[in-house]
Amino acid sequence: MGEESFALIEKKINDLVQVVATLKKEKAALAAEVTRMEGEARELNKKLSEMSRERGEVKDRVEKILSRLDAIEL
């Protein structure tokens, strides 16, 4: 094996190290994005639950009003 072979192997290893470093950074960025999106999803689920609860309350109130109107003899 000559000097050229070692230089080629060294270059390939350096390239591979750079690729691994880049992939680690991308993985960390993606993990942070997933964490952020999970938090956002939790917030949206809370809002959805609250809106569903409010919708149920409004529906009950409207039904009570309608039943009182039905009870009035015209």
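This passage describes the overall form, surface and selected residues of a predicted protein model. Residues are numbered from 1 along each chain as its sequence is written, and side-chain values use heavy atoms, with hydrogens and water left out. Because the model is predicted, local features need pLDDT of at least 70 and side-chain atom pairs count only at pLDDT 80 or more, whereas totals for chains, interfaces and linings use all residues.

The protein chain has one helix and zero strands, these being DSSP runs of H or I over at least four residues and of E over at least two, numbered from the N terminus. Its radius of gyration, 32 Å, is well over the 11 Å that the globule rule gives for 74 residues, so the chain is more spread out than a compact globule; the radius is taken over C-alpha atoms, and the rule is 2.2 Å times the number of residues to the power 0.38. Along its principal axes, the C-alpha trace spans about 105 × 15 × 10 Å.

Of the 74 residues, 1% count as buried, where buried means under 20% relative accessible area, exposed over 50%, and partly exposed in between, with a 1.4 Å probe and protein chains only. V19, which lies in helix α1, is partly exposed at 44% relative accessibility, and its C-alpha atom is separated by 63 Å from that of V62, 43 residues apart along the chain. I72, placed in the segment after α1 (3-71), is likewise partly exposed, with a relative accessible area of 49%.
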